[in-house]
Amino acid sequence: MNKILVTGGSGLVGRCFTGSRFIKTDSRESLNLLDKNETSSFLNDLKPEGVIHCAAKVGGVKGNMDYPAEFTYQNLMMNTNVIEEARLAGVKKLISFASTCVFPDAVEYPLSPDKIHLGPPHNSNYGYAYAKRMADIQIQSYRQQYGLNYFSVIPCNIYGPGDNYDVVNGHVIPSLIHKFYMAKEKGEDVTIWGSGNPLREFIFSEDVAKLTELLYDNYTDGVPVILSTGDEISIKDVVLLIAEIFEFKNKIHFDTEKPEGQFRKPSDNSVIRNMFPDFKFTPIEEGLKKSINWFIDNYPNLRK
């Protein structure tokens with residue numbers, strides 16, 4: 001069977017690719033994608049048929065705001081090295097992961113691929129967003145010049161087991177899970193950044209991997225594909241669901257002086273709806289229970 005390399009294979013999505021067709025890099029120690037020569041040597045030795053590029057420098061609102069240079073540089077270099085060295089190594093198909101934060105801050109909804117470059121992204125994560133936009137520009141130019149079957153996927157907010165549970169710099173759901181866990185252990189109240197009113201679409205990590213594998217086998221267009229459930233939920237409702245699963249009894253405070261990013265980012269998931277009409281998304285209540293159970297079972301050895 002032809003091999004598919006998954007970069008970031010121990011990460012939130014990468015760990016969900018299962019089966020003998022997948023070969024994973026699990027850390028920067030096993031393959032430093034910031035190093036062009038190391039990336040080149042690895043791909044030329046492995047000679048995979050395809051690459052699913054999940055590896056990235058990622059974080060929540062605070063992490064992106066505090067370290068914009070790191071988010072810009074590391075993502076630009078990883079994407080550039082992987083795409084170019086994959087081409088040189090004869091990789092026939094490549095899927096690169098982006099995020100709905102690549103879209104302009106001021107844009108008409110729902111989000112769709114033709115709107116990516118219609119304005120600047122939100123200032124809370126502009127470094128990451130522009131780096132991911134440039135990955136797709138590189139892919140489009142490679143399709144045009146070299147005729148390669150490379151394309152991008154744009155998931156909405158991904159959550160699931162194996163995330164980074166950094167309370168300060170992590171994404172919203174893993175940060176909330178860790179925050180509630182510690183507050184319950186200490187018998188303390190919980191303070192949430194922002195009003196809780198912003199709306200988000202969340203997708204379970206296993207669903208992302210399944211959809212990506214389906215696209216790998218069935219999609220040949222160069223237009224980026226949005227991966228989302230199409231359902232919005234407020235941050236406040238997510239908070240209350242997590243509190244309910246933890247059986248949290250103390251008070252929950254919303255600090256409206258803290259930043260909370262864009263108010264909403266509804267997306268157009270018509271491509272995957274039309275291609276895979278029978279696909280069943282994991283309900284957020286079920287996904288949160290799985291994520292929280294995994295967190296409790298693997299604490300204190302998880303990323304935090």
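In this predicted model, Phe151 and Tyr219 are both buried. Their rings form an edge-to-face aromatic pair, with 4.9 Å from centre to centre and 70° between the planes. Phe151 belongs to strand 5, while Tyr219 sits in the loop between helix 6 and strand 10, so the pair links distant parts of the chain, 68 residues apart.

Phe180 counts as buried, because its relative accessibility is 0% and the cut-off is under 20%. Phe248, at 10%, counts as buried too. Twelve aromatic pairs are counted in the model, and ring pairs also join Tyr165, Tyr181, Trp294, Phe295 and Tyr299 into a cluster.

Turning to the nonpolar cores, the largest holds 27 residues, and Val13, Phe17, Ile52, Val153, Leu215 and Leu227 have the most contacts inside it. Strand 1 (4-7), strand 4 (93-97), strand 5, helix 6 (205-218) and strand 10 (225-227) each supply at least two of its residues, and helix 6 gives the most, with five. A second, separate core has 26 residues, among them Ile173, Ala183, Phe204 and Ile242. Within the largest core, Leu227 is one of the residues with the most contacts. Beyond its neighbours up to four places away in sequence, Leu227 touches Val153, Ile154, Pro155, Cys156, Ile203, Val208, Leu211, Thr212, Leu215 and Ile272.

Strand 9 (residues 202-204) provides the largest share of the lining, three residues.

Finally, Leu148 is found in the loop between helix 4 (126-146) and strand 5 (149-155). With a relative accessible area of 16%, Leu148 is buried, because this value is under 20%. Leaving aside neighbours within four places in sequence, Leu148 is in contact with Arg87, Val91, Tyr142 and Arg143. The C-alpha atom of Leu148 is separated by 27 Å from that of Ser267, which lies 119 residues apart from Leu148 along the chain.

Definitions and conventions. Residues are numbered from 1 along each chain as its sequence is written. This is a predicted model: local features need pLDDT of at least 70, side-chain atom pairs count only at pLDDT 80 or more; totals for chains, interfaces and linings use all residues. Side-chain values use heavy atoms; hydrogens and water are left out. Helices (H or I, at least four residues) and strands (E, at least two) are DSSP runs, numbered from the N terminus. Buried means under 20% relative accessible area, exposed over 50%, partly exposed in between (1.4 Å probe, protein chains only). Contact means heavy atoms within 4.5 Å. A nonpolar core is a set of buried Ala, Val, Leu, Ile, Met, Phe, Trp, Tyr and Cys residues joined through side-chain atoms within 4.5 Å. Rings of Phe, Tyr and Trp (its six-membered ring) pair if their centres lie within 6.5 Å; planes under 30 degrees apart count as stacked, over 60 as edge-to-face and the rest as tilted.
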